[in-house]
Amino acid sequence: DITFNNVPKNLCGGQCQVAVDTGTSMLAGPSDLVDQLSDMVDAKDDCSNFDSLPTLGFKIGDTVLNLRPEDYMDKSSSGCSFSLMALDV
């Protein structure tokens, strides 16, 4: 499952599947899920809520692998953007 601040969001109905690709530096997921996550994170383009963004976690078994906002957001002088890539295969 996917968690926000270690709270499961049940976005996949218990059926999340992952693939690990060491040939890319980007995280990717199905476009509908990435869009849903982006909406839920609700990061402002101007980075005004950056310090209050949640940790984004991936629950594998009983372990949650957390990403901090600086791990899943692209922050620059021109603004912020969600850095998960939509990929439908």
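A disulfide is taken here as a pair of cysteine sulfur atoms within 2.5 Å. All views below show a predicted model.

**Figure 1. The disulfide of cysteine 47 and cysteine 80.** The structure holds 1 disulfide, in which cysteine 47 is joined to cysteine 80 with an S to S distance of 1.9 Å. The angle about the S-S bond is 115°, and the link of cysteine 47 and cysteine 80 is right-handed. Because cysteine 47 lies in the loop between H1 and S4 while cysteine 80 belongs to strand S7 (residues 79-82), the pair ties together parts that are 33 residues apart in sequence. A disulfide is a covalent bond between the sulfur atoms of two cysteines.

Figure 2. Leaving aside residues up to four places away in sequence, cysteine 47 touches Lys75, Gly79 and Cys80. Serine 76 is 29 residues from cysteine 47 along the chain, and the C-alpha atoms of these two residues are separated by 8.9 Å.

**Figure 3. The hairpin of S6 and S7.** Strand S6 (residues 73-76) and S7 run antiparallel and are joined by 4 bridges. The hairpin passes from S6 to S7 through 2 residues. Serine 76 has glycine 79 in S7 as its bridge partner.

**Figure 4. The four-stranded sheet.** The view shows an open sheet of 4 strands, paired antiparallel in the order S2-S1-S4-S5. Which strands form its edges? Strand S2 (7-8) and strand S5 (63-67) are the edge strands, each pairing on one side only. Strands of a sheet pair through backbone hydrogen bonds, either parallel or antiparallel. Helix H1 (residues 31-41) lies across S1 and strand S4 (56-60), and runs at about 10° to S1.

**Figure 5. Strands S1 and S2, with threonine 3.** Strand S1 (residues 2-4) pairs with S2 in the antiparallel sense over 2 bridges. Threonine 3 lies in strand S1 and stands opposite proline 8 in S2. How accessible is threonine 3? At 0% relative accessibility, threonine 3 counts as buried. Not counting residues up to four places away in sequence, threonine 3 touches Pro8, Thr55, Leu56, Gly57, Phe58, Lys59, Val64 and Asn66.

**Figure 6. The hairpin of S4 and S5.** S4 pairs with S5 over 5 bridges, in the antiparallel sense. The two strands form a hairpin with 2 residues between them. Isoleucine 60 has threonine 63 in S5 as its bridge partner. Glycine 61 in the turn has a positive phi of about 65°.

**Figure 7. Two loop residues with positive phi.** Asparagine 5 and aspartate 42 each have a positive phi in a residue other than glycine. Asparagine 5 is in the loop between S1 and S2, with a phi near 50°. At 47% relative accessibility, asparagine 5 counts as partly exposed. Aspartate 42 is found in the loop between H1 and S4, where cysteine 47 also lies. Phi of aspartate 42 is near 55°, and with 41% relative accessibility this residue counts as partly exposed.

**Figure 8. The largest pocket.** The volume of the largest pocket is about 1100 Å³. Its lining has 34 residues, and those nearest the centre are Gln17, Val18, Ala19, Ala28 and Gly29. Which element supplies the largest share of the lining? H1 does, with 5 residues. At least two residues of the lining come from each of strand S3 (27-29), H1, S4, S5 and strand S8 (84-86). Among these contributors, H1 is the helix that lies across S1 and S4, and S5 is one of the edge strands of the sheet.

How values were computed
Residues are numbered from 1 along each chain as its sequence is written. This is a predicted model: local features need pLDDT of at least 70, side-chain atom pairs count only at pLDDT 80 or more; totals for chains, interfaces and linings use all residues. Side-chain values use heavy atoms; hydrogens and water are left out. Two strands pair if DSSP finds at least two bridges between them. Contact means heavy atoms within 4.5 Å. Axes are lines fitted to C-alpha atoms, for helices over the stretch in contact, and angles run from 0 to 180 degrees between N-to-C directions. On a 1 Å grid over the protein atoms alone, a cavity is a set of points where a 1.4 Å probe fits but cannot get out, and a pocket is an open set with protein on both sides within 12 Å along at least five of seven lines; lining residues have an atom within 4 Å of a point. Grid points are joined across faces, edges and corners, and a volume is the space filled by probe spheres set on the points. Buried means under 20% relative accessible area, exposed over 50%, partly exposed in between (1.4 Å probe, protein chains only).
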